[in-house]
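Hi,

Here is the structure I promised to pass on. Have a look at it first, and then read on for what turned up.

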Amino acid sequence: MKGAVQQEPAYVIHRQPWRETSLLVDLFSLNHGRVSLIARGASRARSPLKAQLQPFQPLMVDWTGRSDLKTLIQVEGRHAPPLGQTKALYSGLYINELLLRVLPAADPHQTLFAAYIETLQSLSSLPPGADIEPVLRTFECDFAAALGYDFAWDLATDTGLRVEAGNEYGYDPGQGIVSADEPGALVRRLPGSALLALAEGDFRSDDPRRTAKRVMRVLVDFLLQGKPLHSRRLFSQFVSSSGRTP
């Protein structure tokens, strides 16, 4: 069969009705990156595909087609813990929307695929009331790295000097952490002590957490290039009264 792919590990990141009885499904797959395909007859009442093609569930997928829009042949589900908490669910929707809106089609990212699986596992295992932001910030860093926007928290790229705890710094999506007087910085007054803590992997303490959120919000918006994220609005409407959003 021309253009056939078999037993491809994948996750549904978005789906919508297609014509009268089918679904248009966007997948994030291990070896083929983001893929769009038609699941014919999937919206019929008796079709098992509608229940199988759910977000956050690991799948093994067969498809065919040489155009950008493939045709689903078969799908097998694998068990995974559900994202039971509201915060975890909407955080999952957030990372799915990032993949859908930013990741180029047919561009494999095996390392990011592994990070995605690890993120879903972390979200599903969070105890009630746990801080979800470190999980999101970690995925955002992995996501940025996959797209070529990785940076070191403890290095000012414009000067080549290491960050010092007592100084303040800026952030430029095209450069990373920069000195305080760099004109291209979109974020300013980042405390050096917080940046050094982030370089050590501390996304939980108050100052590092706030600093990481400021930086990653700007980077994500830069990558989106003006595209809105509906999941942010949903998160702010339905998730806890803590006021924290992705």
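One thing before the details: this is a predicted model, in which local features need pLDDT of at least 70 and side-chain atom pairs count only at pLDDT 80 or more, while totals for chains, interfaces and linings use all residues. Residues are numbered from 1 along each chain as its sequence is written, and side-chain values use heavy atoms, with hydrogens and water left out.

Let me start with the sheet. Helices (H or I, at least four residues) and strands (E, at least two) are DSSP runs, numbered from the N terminus. In the order β1-β2-β3-β5-β4, 5 strands close into a barrel with mixed pairing; two strands pair if DSSP finds at least two bridges between them. Neighbouring strands of this sheet are turned by 55 degrees against each other on average, direction ignored. Strands β3 (residues 33-39) and β5 (residues 69-77) run parallel and are joined by 3 bridges, and Ser36 stands opposite Leu69 in β5.

Next, the helices on the sheet. Axes are lines fitted to C-alpha atoms, for helices over the stretch in contact (heavy atoms within 4.5 Å), and angles run from 0 to 180 degrees between N-to-C directions. Helix α2 lies across β1 (5-18), β2 (22-29) and β3, at about 95 degrees to β1. Helix α3 (residues 110-125) lies across β1 and β2, at about 65 degrees to β1.

Within α2 (residues 86-102) you will find Asn96. Asn96 counts as buried because its relative accessibility is 2%, where buried means under 20% relative accessible area, exposed over 50% and partly exposed in between (1.4 Å probe, protein chains only). Leaving aside neighbours within four places in sequence, Asn96 is in contact with Val12, Ile13, Pro55, Phe56 and Tyr116.

The axes of α3 and helix α4 (residues 133-146) come within 10 Å and cross at roughly 170 degrees. That makes α3 roughly antiparallel to α4 (angles under 35 degrees count as roughly parallel, over 145 as roughly antiparallel, 65 to 115 as roughly perpendicular and the rest as oblique). Residues making the contact include Leu112 and Tyr116 of α3 and Phe139 and Asp142 of α4.

Finally, helix α5 (residues 192-199) has Gly192, Ala194, Leu195, Ala197 and Leu198 as its buried residues. These pack against β8 (168-172), β9 (176-179), β10 (187-191) and α6 (206-224). After α5 comes Gly201, with a positive phi near 90 degrees.

Best wishes
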